[in-house]
Amino acid sequence: MTLPQGLAFAIVGTMMLLFVWGRLRYDLVAALALVAAVVAGIVPPEKAFSGFSDDVVIIVATALLMSAAVAKSGVMEEVVRPLGPWLTTPRRQVFALVFAVIVLSTFIKNVGALAILMPVAFQLARRTDTPPSWLLMPLAFGSLIGGLITLVGTSPNVIVARLRADLVGEPFRMFDYAPVGLTVAAVGLVYLAFAYRLLPRDRQGGASLDAAINIENYVVEAQVPKGSPLIGERVTAVGDLDEGVSKVTTVVRDEVRHKSAHGGLRVREGDILLIEGEPESLERAVVRAGLQLAGQRDGEEPAVEGDADEVGTVEAVVTGWSRLVAETHESAGLCDRFGLNLIALSRSGERITQRLRAVRFRPGDVVVLQGHLDRIPDALKTLGLLPLAERELELGRGRRRWIPVAILAASVATIVSGLLPVAVAFFTAAVALVLTRALALREAYEAIEWPIVVLLGALIPVSEAVQTTGATELVAAWLSVATDALPAIGALALIMVAAMAVTPFLNNAATVLVMAPIAASLAGKLGLRPDPFLMAVAVGAACDFLTPFGHQSNTLVMGPGGYRFGDYWKLGLPLSVLVVLVAVPAIAVFWPLAR
């Protein structure tokens, strides 16, 4: 073993130990590995930051951004909602949710697909008394196997494609992963639709900050404009738009208040509705019914103008010393003096039946205010309002529902047709999302997981250095000795199992950067083609079903599902075995081993 090889092994070994130790965050570990590699002389200083300019960094970052835009649009809720009457049993719910997340993970990053469908899972669980623990982990595992189908479904696929370009001069294309990925996804879907019962049903998810400060009886004031689908329907139809969560408390027609808002009353154009519910349900009901909130109606001068980078919403409590006490929205000059628009109001123990502009504020009232982000803090201080802990509120902001889907479809079409490389197509799509205001610039920066960007940017030059020093060739030689007694397909299975075993400790992106060069070298030593071995690494690195921390999707559902560490083994170990048994023969069929 040469000195450069020894240094490469020492750096990678120390990095893996630090990953397993877990006391340092993975992006910091990657940065330390890069510094050590530069100091040791195996990464030239001029190439230290070359990883940050790599296409894979752009692809992963923009894939996350597009996932956030699709999640924010609420389109998936609209797609799944018509299936509600059919989804009456846990098995049907698991099947539909896993199928939906597999389809969605095919075109956007899997953790983004999971984030989109988690609210749908909670709605189904609440409406049918299904334990959320039966739905969330299968949904997370479904997002992982769905990510296997295309280039952009998961980070390992993107990284493997880049490494293949270095090895054979051409990367894997968008749907090269599909034959193997679809095979694994079909088996995984059937398994999860029956095996969800392996999970405990009595677990309670940890309360989130949103749940802790959730206020259910907000009231909004909205007008029925021309063309609203609500016209001619009974007032109870508003609740039907949101699975019965929101309800109309008062209808104001020709300045006459109908407080009872009985079910037989039909909605007319121009009616003003007072609707009660929690912020998320109110936002869905207002959007689906095409209603216009107070201060945002046609013919009114808007109280607040600007895009989502400048305008936001805040929840605040009216204190006993607030200047709003005994004042109304108009008399306090919220619009004229402070540039604030009253979106919603909640009063504990009392139903609000007056127009919001006529309500006199009391101590303890909770208000949702919309205004310019740079002016809101000063306005709250001056008015004596106490802001609640920050949480995401879409109420009053509106959604550009189909724009993100159209942009995503266009970007995939340009990739498949070969008009643009993946990185350029995705970057263009990201710019288009911001230009069309489907995603605010601030939201775009927040959507990108910067620790992942740092991890990739730091480890790419380290991975390249490990190859150039010959360390991967040395490991491949050791593995080739270990596989002497195995057939070629046994060596393929060994590589996949090794990638599965390493992923929980190394992070799936780092696993690919370390294991893919070793797998390719092993293929060369055995006289076999590198493609099936690279595919095996991609599948193994993407399929971590055994721990809550090996993949972000698993971590995301742990708290809400109330899961413990051992729960992942109950459902994940049989699935891991199934993946190996199915994926290895599928790879051998679609990507022949022999040269």
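**Figure 1. F95 and F99 in helix α5.** F95 and F99 sit four residues apart, about one turn, in helix α5 (residues 90–105); helices are DSSP runs of H or I with at least four residues, strands are runs of E with at least two, and both are numbered from the N terminus. The model is predicted, so local features need pLDDT of at least 70 and side-chain atom pairs count only at pLDDT 80 or more, while totals for chains, interfaces and linings use all residues. Residues are numbered from 1 along each chain as its sequence is written, and side-chain values use heavy atoms, with hydrogens and water left out. A search of the whole structure gives six aromatic pairs. In the pair F95 and F99 the ring centres are 6.4 Å apart and the planes are at 5 degrees, so the pair is stacked. Rings of Phe, Tyr and Trp (its six-membered ring) pair if their centres lie within 6.5 Å; planes under 30 degrees apart are stacked, over 60 edge-to-face, and the rest tilted. F95 is partly exposed at 35% relative accessibility, and F99 is partly exposed at 46%. Here buried means under 20% relative accessible area, exposed over 50%, and partly exposed in between (1.4 Å probe, protein chains only).

Figure 2. W134 and Y196 form an edge-to-face aromatic pair, with 5.2 Å from centre to centre and 70 degrees between the planes. W134 belongs to helix α7 (residues 132–146) and Y196 to the loop between α9 (178–195) and α10 (209–212), so the pair ties together parts that are 62 residues apart in sequence. W134 is buried, with a relative accessible area of 5%, and Y196 is buried, with 1%. R201 lies over the face of W134, at 4.8 Å from the ring centre. For such a placement, NZ of Lys or CZ of Arg must be within 6 Å of the ring centre and within 35 degrees of the ring normal.

Figure 3. Six of the six residues of strand β4 (residues 272–277) are buried, so the strand is largely enclosed by the rest of the structure. In a regular strand, side chains alternate between the two faces of the sheet. Both faces of β4 are covered, with I272, L274 and E276 buried on one side and L273, I275 and G277 buried on the other. Strand β1 (residues 218–223) runs antiparallel to β4 and is joined to it by six bridges; two strands pair if DSSP finds at least two bridges between them. V219 has E276 as its bridge partner in β4. Strand β2 (residues 247–253) is also antiparallel to β4, with five bridges, and V252 stands opposite I272.

Figure 4. The whole structure contains ten salt bridges, each a side-chain nitrogen of Lys or Arg within 4 Å of a carboxyl oxygen of Asp or Glu. D531 and R164 form one of them, with the closest N and O atoms 2.7 Å apart. D531 lies in helix α21 and R164 in helix α8, 367 residues apart, and both residues are buried. E221 forms a salt bridge with R355, with the closest N and O atoms 2.8 Å apart. This pair links E221 in strand β1 to R355 in the loop between β7 (341–346) and β8 (366–372), 134 residues apart. Both E221 and R355 are buried.

**Figure 5. D567 and K570 in helix α23.** The side chains of D567 and K570 meet in a salt bridge at 3.5 Å, N to O. The two residues are three apart, about one turn, in helix α23 (residues 565–590). D567 is buried at 2% relative accessibility, whereas K570 is partly exposed at 43%.

**Figure 6. Surroundings of V158.** V158 lies in helix α8 (residues 155–168) and is buried, with a relative accessible area of 6%. Leaving aside residues up to four places away in sequence, V158 touches V56, I59, L151 and V152, where contact means heavy atoms within 4.5 Å.
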